[in-house]
Amino acid sequence: MPLTLSTLDHAYDDPDGATIGTVLAGLDGKRNLVATLARDEATYLQASGSAATGFTLVYQDGSLERRYRSAETTMPLGPVTQAFHQYFRGEPGWREGVRWEADRERLEVTTWYESWWIYLAALLAITGFFVWWRGW
């Protein structure tokens, strides 16, 4: 299965090593913030950050339960590029040399009274009541 390298603006189907290196080096931490090398939607290696300040790596192996983040958040361009090349070639050593920790997506729980929908519905109900009462 071919891999896809994507950023916010571009996608490259089955990129070569030079394209991977160029895309990673072009990340600036502003508009170009994330590069993802994906086998499918749930299996990928992702770098975020910039070449100047360093990167954070994230990889997911099939589901959110198997999502990991690099413990170091300022990885230099060289090791990140090497990890991307090894991942692209299917070499098993791309995870070595990086300390990984589980990356659990945390969903915020909002109580009903913190939702703006409740206040909008109350405003509409009060407005409707006054219109009905005053006979507009």
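Predicted model: local features only at pLDDT ≥ 70, side-chain atom pairs only at ≥ 80, totals over all residues.
Residues are numbered from 1 along each chain as its sequence is written, and side-chain values use heavy atoms, with hydrogens and water left out.

Back to R69. Which residue does R69 form a salt bridge with? With D103, and their closest N and O atoms are 3.2 Å apart; a salt bridge here is a side-chain nitrogen of Lys or Arg within 4 Å of a carboxyl oxygen of Asp or Glu. R69 sits in strand β6 and D103 in the loop between β7 and α3, so this pair ties together parts that are 34 residues apart in sequence. Helices (H or I, at least four residues) and strands (E, at least two) are DSSP runs, numbered from the N terminus.

D103 also pairs with R67, at 2.8 Å between the closest N and O atoms.

The structure holds four salt bridges. Another one joins the side chains of D9 and R31, at 2.5 Å from N to O.

Now the overall picture. The protein chain has three helices and seven strands, running β-β-α-β-β-β-β-α-β-α from the N terminus on. Its radius of gyration is 23 Å, well over the 14 Å of the globule rule for 136 residues, so the chain is more spread out than a compact globule. That radius is taken over C-alpha atoms, and the rule is 2.2 Å times the number of residues to the power 0.38.

What about the inside? The largest nonpolar core has 20 residues, and L24, L57, V80 and F84 have the most contacts inside it. Such a core is a set of buried Ala, Val, Leu, Ile, Met, Phe, Trp, Tyr and Cys residues joined through side-chain atoms within 4.5 Å. Helix α2 gives the most to this core, with four residues. Leaving aside neighbours within four places in sequence, V80 is in contact (heavy atoms within 4.5 Å) with L24, A47, F55, L57 and M75.

Terms used
Buried < 20%, exposed > 50% of the residue type's maximum accessible area, 1.4 Å probe, protein only.
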